[in-house]
Amino acid sequence: MHVNTARTSAVIVHPVPTPYADCYLAWQQAITATAAQFEGYQGTDVYPPESDRNPNWIAVLHFADPEALQRWLDSPQRAEMLAKLPPEIASYSKTVLIQGFAPWFTQLLHKPPSWKMALTVLLALYPTSLLVNLLITPHLQGLGRASTILIGNAIGIALLQWGIIPRLTRVLKPWLSANNSHDRHISVLGGAAIVSILLFLAYCFDRWLF
């Protein structure tokens with residue numbers, strides 16, 4: 001089994017008018033084939049617009065490490081492919097997400113501040129790890145302490161990766177995306193609300209589970 005500990009992603013957002021969608025997809029297929037020839041390339045995910053009012057197509061490129069990604073971003077091959085775009089779809093924005101929990105936040109157009117990412121992960125991790133330890137690990141005690149911890153952690157991470165975090169980031173998207181000076185009150189109120197929820201969960205767990 002290969003465990004990737006240094007995955008780096010780039011989120012490329014292209015505003016594409018509806019009549020040019022097929023053109024964009026053909027170009028995206030071609031540039032993906034070119035990127036695949038670079039060392040460290042791990043795949044590309046393409047997300048269509050959520051609605052007709054939002055023309056943004058999102059491509060998420062995955063590389064093994066920041067250096068490999070940067071070699072592709074700076075390559076003449078990529079520059080040549082970008083030059084082939086029609087003017088109507090030539091504009092784009094790019095965000096690089098480095099390691100950590102960043103891949104869980106690629107659905108957002110802009111990377112949230114690290115404190116928001118950490119607080120979001122804590123909101124998901126705290127009740128998940130506690131409930132796994134209460135409901136699952138007692139049934140694994142016969143396997144030994146080390147094996148019990150390993151299996152419990154694996155179950156918790158799987159729940160976070162494929163179930164809880166994607167849904168939680170969709171719910172918190174307005175707060176995670178509020179990162180300019182005009183939205184500072186949203187950031188503060190949202191952060192305070194999450195801290196309050198965590199304290200309330202701790203109170204409930206202490207009162208009814210322990």
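Visitor: What makes the link between the side chains of S9 and H62 a polar contact?
Guide: The two side chains come together at 2.8 Å. A polar contact is a pair of N or O atoms within 3.5 Å (within protein, one able to donate a hydrogen and the other to accept it; residues adjacent in sequence count only if both atoms are side-chain atoms), so the 2.8 Å between S9 and H62 falls inside the limit. A word on the source: this is a predicted model, where local features need pLDDT of at least 70 and side-chain atom pairs count only at pLDDT 80 or more, while totals for chains, interfaces and linings use all residues. Residues are numbered from 1 along each chain as its sequence is written, and side-chain values use heavy atoms, leaving out hydrogens and water.

Visitor: Why is S9 called buried?
Guide: Its relative accessible area is 1%. Buried means under 20%, exposed over 50% and partly exposed in between (1.4 Å probe, protein chains only), so S9 at 1% is buried. S9 sits in strand β1, where seven of the eight residues, 8-15, are buried. Strands (E, at least two residues) and helices (H or I, at least four) are DSSP runs, numbered from the N terminus.

Visitor: How do you know that β1 and β3 pair?
Guide: Two strands pair if DSSP finds at least two bridges between them. β1 and β3 (residues 56-63) have eight, in the antiparallel sense, so they meet the criterion.

Visitor: What is T18 called, buried or exposed?
Guide: Exposed, because its relative accessibility is 62%. T18 lies in the loop between β1 and α1 (21-35). Its C-alpha is 7.2 Å from that of P55, although 37 residues separate the two in sequence.

Visitor: And what about S75, buried or exposed?
Guide: S75 is at 5% relative accessibility and therefore counts as buried. It lies in the loop between α2 (66-73) and α3 (76-83). A polar atom of the S75 side chain is 2.8 Å from the backbone oxygen of W72.

Visitor: Which residues of α2 are buried?
Guide: A68, L69, W72 and L73. They lie on the same side of α2, because their arc around the axis (taken from the directions from the helix axis to the C-beta atoms) is only 135 degrees. An α-helix has 3.6 residues a turn, so residues three or four places apart point the same way. Q70, also in α2, is partly exposed because its value is 37%. At the start of α2, a side-chain oxygen of D65 comes within 3.2 Å of the backbone nitrogen of E67.

Visitor: Where is the "transmembrane region" annotation?
Guide: The unreviewed UniProt entry places it at residues 117-136, 148-165 and 185-205; positions follow the numbering used here, feature names are shortened, and annotations may be inferred rather than shown by experiment. In the model, residues 117-136 are 95% helix and 0% strand, with end C-alpha atoms 27 Å apart. Residues 148-165 are 100% helix and 0% strand, and their end C-alpha atoms lie 23 Å apart.

Visitor: How many helices and strands are in the protein chain?
Guide: Seven helices and four strands, in the order β-α-β-β-α-α-β-α-α-α-α. Of the 210 residues, 36% are buried.
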